[in-house]
Amino acid sequence: MWKTGKCKLPWDWQVDQLVYIEEGEVRVVPEGSKQFMQFVAGDLVRYPKWFEADLWFNGSYQERYSFRAYGDD
């Protein structure tokens, strides 16, 4: 489990990551883009390996995550 509050985090994924958002919301702005994706509590999100983005949290946020290895489907 991972928690945070209101903040902005630049992030890059070295492995695939599967995330279930339990509380709050996050805006994901991919590297080099002006558009964003928004995910909220109840969403299941898969971030692919080598993906780079800024994560914007507007308040309390909590997620459960697992790292995915090749063939873990």
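Modeller: Lys8 and Asp54 form a salt bridge, with their closest N and O atoms 3.8 Å apart; the term denotes a side-chain nitrogen of Lys or Arg within 4 Å of a carboxyl oxygen of Asp or Glu. Because Lys8 belongs to strand β2 (residues 7-12) and Asp54 to strand β7 (residues 52-57), this pair ties together parts 46 residues apart in sequence. Strands here are DSSP runs of E, at least two residues long, numbered from the N terminus. The model is a predicted one, in which local features need pLDDT of at least 70 and side-chain atom pairs count only at pLDDT 80 or more, while totals for chains, interfaces and linings use all residues. Residues are numbered from 1 along each chain as its sequence is written, and side-chain values use heavy atoms, with hydrogens and water left out.

Lys8 is partly exposed at 42% relative accessible area, and Asp54 is also partly exposed, at 23%; this class lies between buried (under 20%) and exposed (over 50%), computed with a 1.4 Å probe on protein chains only.

A search of the whole structure finds three salt bridges. Another joins the side chains of Arg46 and Asp16, at 3.3 Å from N to O. Arg46 sits in strand β6 (residues 44-47) and Asp16 in strand β3 (residues 16-23), 30 residues apart. Arg46 is partly exposed, with 41% relative accessibility.

Arg64 pairs with Glu22 in a salt bridge whose closest N and O atoms are 2.6 Å apart. Since Arg64 lies in strand β8 (residues 61-68) and Glu22 in strand β3, parts 42 residues apart in sequence are tied together. Arg64 is partly exposed at 44%, as is Glu22 at 28%.

Methods: Helix = DSSP H or I, 4+ residues; strand = E, 2+ residues; numbered from the N terminus.
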